[in-house]
Amino acid sequence: MRGSEITFDPNGSQLWRDLRRWQLRVFYPNRFRRLQDHCRNHRCIFVHIPKCAGTSIAKSLFGGDVGHRNLAAYHLLLDEADFASCFKFTFVRNPWEIGR
């Protein structure tokens with residue numbers, strides 16, 4: 001089998017997810033713990049989409065900025081039970097307003 005035929009899907013591999021979660025816990029322990037505590041305390045995940053007033057929404061709801069993480073990043077960082085139990089939401093702009 002040639003090397004070009006071997007494919008590795010990091011999103012589908014549990015081993016990859018565990019390794020990446022371990023790296024984040026080791027190299028960024030405060031950031032990782034703060035994110036877990038935030039999700040456990042508020043029981044929600046806010047996906048911040050750039051240029052949609054996400055910083056203002058995060059400050060008013062959570063008292064600070066939550067960063068620009070996508071849903072896959074939260075799924076990677078949180079345990080399965082925590083991720084499944086959190087309410088997930090985001091805000092988007094009206095696309096028709098952009099052209100005006």
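Let me start with a term: contact, or touching, means heavy atoms within 4.5 Å. We will need it throughout.

Now the ground rules. This is a predicted model, where local features need pLDDT of at least 70 and side-chain atom pairs count only at pLDDT 80 or more, while totals for chains, interfaces and linings use all residues. Residues are numbered from 1 along each chain as its sequence is written, and side-chain values use heavy atoms, with hydrogens and water left out.

First, the overview. The protein has 6 helices and 2 strands. Helices (H or I, at least four residues) and strands (E, at least two) are DSSP runs, numbered from the N terminus. From that end, the order is α-α-β-α-α-α-β-α. The protein has 100 residues, and 29% of them count as buried. Buried means under 20% relative accessible area, exposed means over 50%, and partly exposed lies in between (1.4 Å probe, protein chains only). Now take contacts between residues at least 6 apart in sequence: 65% of them join residues at least 24 apart.

Next, two helices that meet. Two packed helices are described by the angle between their axes and the distance between the axes. How do the axes of H1 and H2 cross? H1 covers residues 14–27 and H2 covers residues 29–42. Their axes come within 5 Å and cross at roughly 110 degrees. Axes here are lines fitted to C-alpha atoms, for helices over the stretch in contact, and angles run from 0 to 180 degrees between N-to-C directions. H1 and H2 are therefore roughly perpendicular to each other. The cut-offs: under 35 degrees is roughly parallel, over 145 roughly antiparallel, 65 to 115 roughly perpendicular, and the rest oblique.

Who meets whom? From H1 come Arg21, Leu24, Arg25, Val26 and Phe27; from H2 come Pro29, Phe32 and Gln36. The residues of this contact divide into 5 nonpolar, 1 polar and 2 charged. Nonpolar covers Ala, Val, Leu, Ile, Met, Phe, Trp, Tyr, Cys and Pro; charged covers Asp, Glu, Lys and Arg; the others, Gly among them, are polar.

Stay with Arg21, in helix H1. Is Arg21 buried or exposed? Arg21 is buried, because its relative accessible area is 10%. Its side chain reaches the backbone oxygen of Leu78 at 3.1 Å. Leaving out residues up to four places away in sequence, Arg21 touches Phe32, His75, Leu76, Leu77, Leu78 and Asp79.

On to helix H3, residues 54–62. Its buried residues are Gly54, Ile57, Ala58 and Phe62. Down the axis of H3, they fall within an arc of 95 degrees, so they line one face of the helix. That arc is taken over the directions from the helix axis to the C-beta atoms. What covers them? The cover includes H2, strand E1 (44–46) and strand E2 (87–89). The face turned away carries exposed Ser56, Lys59 and Ser60. Ser60 has a relative accessible area of 58%. Its side chain reaches the backbone oxygen of Ile57 at 2.9 Å. After H3 comes Gly63, with a positive phi near 85 degrees.

Last stop: Asp82, in helix H5 (residues 80–85). Asp82 counts as buried, because its relative accessibility is 12%. Which side chain does the side chain of Asp82 make a polar contact with? That partner is Arg40, at 2.9 Å. A polar contact is a pair of N or O atoms within 3.5 Å; within protein, one must be able to donate a hydrogen and the other to accept it, and residues adjacent in sequence count only if both atoms are side-chain atoms. Residues up to four places away in sequence aside, Asp82 touches Arg40 and Arg43.
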